[in-house]
Amino acid sequence: MIDTYLIPLIKILFVLNATLIAVTYMVLLERKVIAWVQVRLGPMRVGPYGILQPIADAVKLILKEDITPARADKWVFTAAPIIVMVPALITFAVIPFGGTVNLFGREMPLYITDINVGLLYIVSVASIGVYGIILGGWASNSKFPLLASLRASAQLISYEVAVTMTLVSLIITAGSLSMVKIVEAQLTSGLWFIFVQPVAFVLFFIGGLAETNRAPFDMAEAEQELTGGFHTEYSGMRFALFFLAEYANMIVVSSVATTLFLGGWLRPFPNLEALSFLGFVPGWMWFLLKTFVFLYIFLWVRATLPRYRYDQLMRLGWKVLIPIAIANVVVTGIVKVLL
Amino acid sequence: MGHAIAFYLISALILGFAVLVVSTRNTVHAVLFLVLNFLAVAALYVLLTAQFLAVIQVMVYAGGIVVLYLFVVMLVNLKRPPEDHSSPQRRGWLGVGLGALVLAQLAAILVWGGVGTPADPYTMQNSDLALNNVERIGMLLYTDYLVPFELASMLLLVAMVGAIILAKREL
C-alpha cells in the first residue's frame, strides 16, 4: 500500500512543486542574467536583489483581468494554455534525478518511475505540446497569432524530426530506451556520452533551442514582426501558463540533455579512481548542477545571438541538421557493429 | 476486475470520441476529438502492456499526422460554411453500404476466425514480453515479418514521392 500508492504520490507532489518553483525562479534568473550581460541591474525592488520578484509577478498575473476575445473559440481558447503546460510537467515522471538512496531506512530511487520506453515517452509527450501553440493562435481569431502559430508549429515539427533522429544514434550507443539504463550505460562505459557522441550533442542542443522556441529560434514570438506571437490575445493567468510552459520546457530539455549526454547523476569520469573524492557530492546535486549549466547556456545564448530569419531557420533544420543526424545514425550503427 | 473496468471505460471513451469526430460541425473540433481518440487508443495499448506501441501511437498519430491534418483544416476552412455536396441522399446510401460492409467483415471474422481465448494479456505483466517490448518487436519485424515491413516502408516512400510530385509543378 505504502510502496504502490503513498510514496509515488509524495514523489509526484514533490517533483511538481519543485518544478513550478524552479520555473518561476527561472524567469527571475533570466531577467537577472540578461540584465548583467547588458550591464544593468535587473529587478532590484522586491526583496533583496529582487529575490521575491516571482511572487510579485504571480500575484500581478493572477489579479489581472482575464479577457477572452469576443469572437474567439471559447473552448479551444481555454484549453490551449493547458495543453501546453501539462506535457511539459508530466515529462518529469521519467527523469532520473539521482540513483537509489537510503531514506528513513528505506531504499528510495530518486525518480518517479522508470519505464522501458522512457526516452520515447518524452519525445511523444513533447509532440503533444505543439497543439497548444497551434490552437492558441487559431482560437484567438486574430491574424498575427494565427501566423505566429503556423510558424511555430512548422518549426517545431521540423526540428522534432532532427532531434528524434539524433536520439536514435544515442539509443544505439546506450542500447536502451530507459532513462535510468542510459545513465547506467554511461557508468559502465566510464565516459559521459558527450564524449562518445559529440555530434549528437550539438544537434540535440540546437534542436532543443528550437523546440523550446528560444532565441535565436524564437520565431513564434518575434515581437517586431508578429506583435508578440501566438499568445498576443491572452492575458492574466492564461498568458502566464504559456510563459511558464516555455521555461518548464527549457528545464525539461536541460534535464534530458543532462541525463543523455552528461551522465545524469554521475560524477565526472565515474570510473576514474583518482576522482573518487568527488563522491562526497550526492548524485542529485550533480544532476542539478549540470542542469543548471544548461539552463544558464540557454539564457546566455538568448542574450548574445540575434534571431534567425524564418527561411534560414527552415533551411538549417531540413538541409543541415536532419542530414547530419541521419549520417550520424549510419556512422554510429557501423561503428557499433564493427566494435 | 480493475483491468476490466479500465478496459470498458477506455473503450467507451474511444467510441464516444469517434462519434464526436464525425458528428461535430466545426472541423477543427473534429480534429481535436480525433487526437483524444488516438490518445485513448494509446491508453488501451498500455493496458495490454504494449508500452512501445502506445508511445509510438502518441508520437506518430496524435503528435505527428494529426498536426498536419490540423494545418490543412486551419488553412482551408477559413470561415466558410461546409459546402453542400451534390446529392446528400446518394452520400447517405454510400455510407450505409460501407457501414454494412464493415459490419459484415467483423461478423465474418467472428464466424470463421473464431473468438477463441487468446492469451490473457493481463497475465503477461511480468513476462518477458512486457519487460522487453522494444527488443521483441524489433526481432519480429526484422525476422518473421521482414517482407510486410519492407513493403509497408516502400508504400510510404511511394506516397511521399507522389505527394512531392503533386505539390511541386517543376522539379
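Select A:Arg151 and A:Tyr310: the charged end of A:Arg151 sits over the ring of A:Tyr310, 5.3 Å from its centre. A charge counts as over a ring if NZ of Lys or CZ of Arg is within 6 Å of the ring centre and within 35 degrees of the ring normal. This is a predicted model, in which local features need pLDDT of at least 70 and side-chain atom pairs count only at pLDDT 80 or more, while totals for chains, interfaces and linings use all residues; side-chain values use heavy atoms, without hydrogens and water. Residues are numbered from 1 along each chain as its sequence is written, and chains are lettered from A and ligands numbered from 1 in the order in which they are written.

Next, show the rings of Phe, Tyr and Trp. The structure holds 17 aromatic pairs over all chains (centres within 6.5 Å, using the six-membered ring of Trp; planes under 30 degrees apart are stacked, over 60 edge-to-face, the rest tilted). Select A:Tyr159 and A:Phe217, a tilted pair at 5.7 Å centre to centre with 45° between the planes. A:Tyr159 is in helix H5 (residues 143–174) of chain A and A:Phe217 in the loop between helix H8 (198–211) and helix H9 (223–226) of chain A, so the pair ties together parts 58 residues apart in sequence. Helices here are DSSP runs (H or I, at least four residues), numbered from the N terminus. Both A:Tyr159 and A:Phe217 are buried (under 20% relative accessible area; exposed is over 50%, partly exposed in between; 1.4 Å probe, protein chains only).

Move to chain B and select B:Phe17 and B:Phe33. Their ring centres are 6.3 Å apart and their planes at 25°, so this pair is stacked. B:Phe17 belongs to helix H1 (residues 2–23) of chain B and B:Phe33 to helix H2 (residues 27–47) of chain B, 16 residues apart. B:Phe17 is buried at 17% relative accessibility, whereas B:Phe33 is partly exposed at 22%.

Back in chain A, select A:Phe201, A:Phe204, A:Phe205, A:Phe261, A:Phe294 and A:Phe298, which ring pairs link into a cluster.

Then select A:Thr332, in helix H12 (residues 310–338) of chain A. A:Thr332 is buried, with a relative accessible area of 10%. Beyond its neighbours within four places in sequence, A:Thr332 is in contact with A:Ser169, A:Ile172, A:Thr173 and A:Gln197 (heavy atoms within 4.5 Å).

How values were computed: Helix = DSSP H or I, 4+ residues; strand = E, 2+ residues; numbered from the N terminus.
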